[in-house]
Amino acid sequence: MPMRSPEMNPADLAECRAMLAGGSRSFRVASLLLPRRVAVPATALYAFCRVADDLIDREGGGVAAVRALEARLDAICAGRPGPCAADRAFAVVVARHAIPRALPAALIEGLAWDAGGRRYATLAELEDYGARVAGSVGAMMALIMGARAPEAVARATDLGVAMQLTNIARDVGEDARAGRVYLPMDWLQEAGLEPAGLTRFSPALGGVVARLLRAADDHYLRAEAGIALLPADCRPGIAAARLIYAEIGRALERQGCDSVTRRAVVPGRRKARLLVASAVLGYRALPREAPVLAANRFLVDAVRAGPQVAPGLPWWALGQRIVRTAELLASLDARERRRA
């Protein structure tokens, strides 16, 4: 059974939802398929991520900001969160799902790298960054769902890194205009590109973006094998997240891998079809084994060394949820076309 902990305050949860109101549409669509027992703590988790990101970014990623956030994390893990609604809600999640401190601490470290303008010489170094800002979240999501086996956690971290690589490929121009460069420096050098030139699209830059999308696809394939290791009521939601996020890469490819002058989006109708496909992927056995990605190993080890709990795994009416979600997406897509 789950660890005993205080119930989440409804007002805190409402504030967390308000923080995420303008967040990722792809995440919100996929979360419609998650059972409430997962969707509620996931909301608190992502709200804490938003608060941490805002604090680090606002303070420029300095030592003082990082230490302040680490002190807040210490209080959360001790069950004595501060007055922030996200801190209080996340403290409930940490206690109930036995989340090791090392996982949110890794996120904070990655955000500090981000705010400091760190650049990455190789794909392996970029994966180190992805493990911190996204693989850590994948590991925490696995624990919230009740999947603590090392293989399941490893595949969840793969999915996090894959999504982060997709984000980087999609946002090359936006990041460059903000003075940030995430593409591996050795890839840019091989393509004859300078970091200062990433605000202008070129076929050479398109080739680097395509290369990053292929790396992301490798991680998506690794992650697929972990879906069958999740509780049955969580598989369609995570499969949807995997398919919809990977589809951003396909949309980017259709526009010539130009993520400088255009932003790749997945239309609502396409998301609806992927939601149906997620029901199949969520229940398809994929006996594909892979060693833990080097960048993610410390996350998997942290879970392995932590307390082991066995939450209950209730069954939910997934078929009805998929139909309702697909109908909602179709309605929203039709409304957008009428406005256009």
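The model is predicted, and the protein chain has a mean pLDDT of 87. Of its residues, 83% reach a pLDDT of 70 or more. Four aromatic pairs are counted, and a search of the whole structure finds one cavity of 30 Å³ or more.

**Confidence**

- Over residues 310-323, pLDDT stays under 50.
- For this stretch, residues 310-323, the model has 30 contacts beyond four places in sequence.

**Aromatic pairs**

- The count of aromatic pairs comes to four.
- One of them is formed by F48 and F90, which are stacked with 4.6 Å from centre to centre and 15° between the planes.
- Because F48 belongs to helix α3 (residues 36-58) and F90 to helix α5, this pair ties together parts that are 42 residues apart in sequence.
- Both F48 and F90 are buried.
- The ring centres of Y129 and Y182 are 5.5 Å apart and their planes stand at 25°, so this pair too is stacked.
- Y129 is placed in helix α7 (residues 123-145) and Y182 in the loop between α9 and α10 (185-190), so that the pair links distant parts of the chain, 53 residues apart.
- Y129 and Y182 are both buried.
- One aromatic cluster is made up of W113, Y120, Y129 and Y182.

**The cavity**

- The largest cavity holds about 40 Å³ of space.
- Its lining consists of I168, V172, D175, A176, R180, V181, Y182, L183 and L198.

- H97 is part of helix α5 (residues 85-97).
- H97 counts as buried because its relative accessibility is 8%, where the limit for buried is under 20%.
- Apart from neighbours within four places in sequence, H97 is in contact with P41, L143, I144 and R148.
- A98 is located in the loop between α5 and α6 (102-115).
- With a relative accessible area of 6%, A98 is buried.
- The phi of A98 is near 50°, a positive value in a residue other than glycine.
- As background, most residues other than glycine have a negative phi.

**A second residue with positive phi**

- C257 is found in the loop between α12 (235-254) and α13 (268-281).
- Its phi is near 60°, which is again a positive value in a residue other than glycine.
- C257 has a relative accessibility of 8% and therefore counts as buried.

**R17 in helix α1**

- R17 lies in helix α1 (residues 10-19).
- R17 is partly exposed, as its relative accessible area is 44%.
- When residues up to four places away in sequence are not counted, R17 touches R36, V40 and T43.
- R17 and T43 are 26 residues apart along the chain, and their C-alpha atoms are separated by 6.5 Å.

Definitions and conventions. Residues are numbered from 1 along each chain as its sequence is written. This is a predicted model: local features need pLDDT of at least 70, side-chain atom pairs count only at pLDDT 80 or more; totals for chains, interfaces and linings use all residues. Side-chain values use heavy atoms; hydrogens and water are left out. On a 1 Å grid over the protein atoms alone, a cavity is a set of points where a 1.4 Å probe fits but cannot get out, and a pocket is an open set with protein on both sides within 12 Å along at least five of seven lines; lining residues have an atom within 4 Å of a point. Grid points are joined across faces, edges and corners, and a volume is the space filled by probe spheres set on the points. Helices (H or I, at least four residues) and strands (E, at least two) are DSSP runs, numbered from the N terminus. Buried means under 20% relative accessible area, exposed over 50%, partly exposed in between (1.4 Å probe, protein chains only). Contact means heavy atoms within 4.5 Å. pLDDT is the predictor's confidence in each residue, from 0 to 100. Rings of Phe, Tyr and Trp (its six-membered ring) pair if their centres lie within 6.5 Å; planes under 30 degrees apart count as stacked, over 60 as edge-to-face and the rest as tilted.
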